[in-house]
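Here's a quick briefing to read alongside the model. Have a look at the fold first, then go through the points below.

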Amino acid sequence: MTEEPLDRKIFEHAFPKECKACGSIYNNYDDFIKNTEALANGDLSQGPKRSVLAYRNCPCGSTITIKLEDLRDYSEEGKERRQLFKEKLSVHLENGVDEADAIEIVKKEMDLD
Ligand SMILES: [Zn+2]
């Protein structure tokens, strides 16, 4: 697995981060990456919706977990969804469906509410 985790921008709000086991404080991304070790099976995993979990080993041996909002990926997905919504909507409008009805239909099609 790679030593270089995600885009550092989405890490920034996670600091400072304290190791609960030994009390070491990591003030920022660089500090954290430089002073901790990657786990053998990788740094990252997909967390609950809209988040990514980053794991690093503190020199004390404890694993530090940072939960990140995966802003980048989800804004991309949001863009695609909005685009798709518009495309679907325009098809219904071209077919003469009333706009308010068309919006309801597309919401159903896309499983939105
Ligand atoms: Zn520690």
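In what order do the elements of the chain run from the N terminus on? The answer is β-β-α-β-β-β-β-α-α, which comes to 3 helices and 6 strands. Helices (H or I, at least four residues) and strands (E, at least two) are DSSP runs, numbered from the N terminus.

This is a predicted model, with local features needing pLDDT of at least 70, side-chain atom pairs counting only at pLDDT 80 or more, and totals for chains, interfaces and linings using all residues. Residues are numbered from 1 along each chain as its sequence is written.

**Confidence**
- pLDDT is the predictor's confidence in each residue, from 0 to 100.
- The chain averages 79 on that score, and 70% of the residues reach at least 70.
- Strand E2 (residues 25–26) has the highest mean pLDDT of the elements, 94, while strand E4 (residues 44–46) has the lowest, 65.
- Over residues 1–5, pLDDT stays under 50.

**Burial and contacts**
- Of the chain's 113 residues, 12% count as buried (20 or more other C-beta atoms within 10 Å of the residue's own, with C-beta atoms placed from the backbone).
- Take contacts (C-beta atoms, placed from the backbone, within 7 Å) between residues at least 6 apart in sequence: 38% join residues at least 24 apart.

**Thr65**
- You'll find Thr65 in strand E6 (residues 63–69).
- Thr65 counts as exposed (12 or fewer neighbours) because it has 12 C-beta neighbours inside 10 Å.
- Leaving aside residues up to four places away in sequence, Thr65 touches Leu53 and Tyr55.
- Its C-alpha atom is separated by 5.6 Å from that of Ala54, 11 residues apart along the chain.

Terms used:
Contact = placed C-beta atoms within 7 Å.
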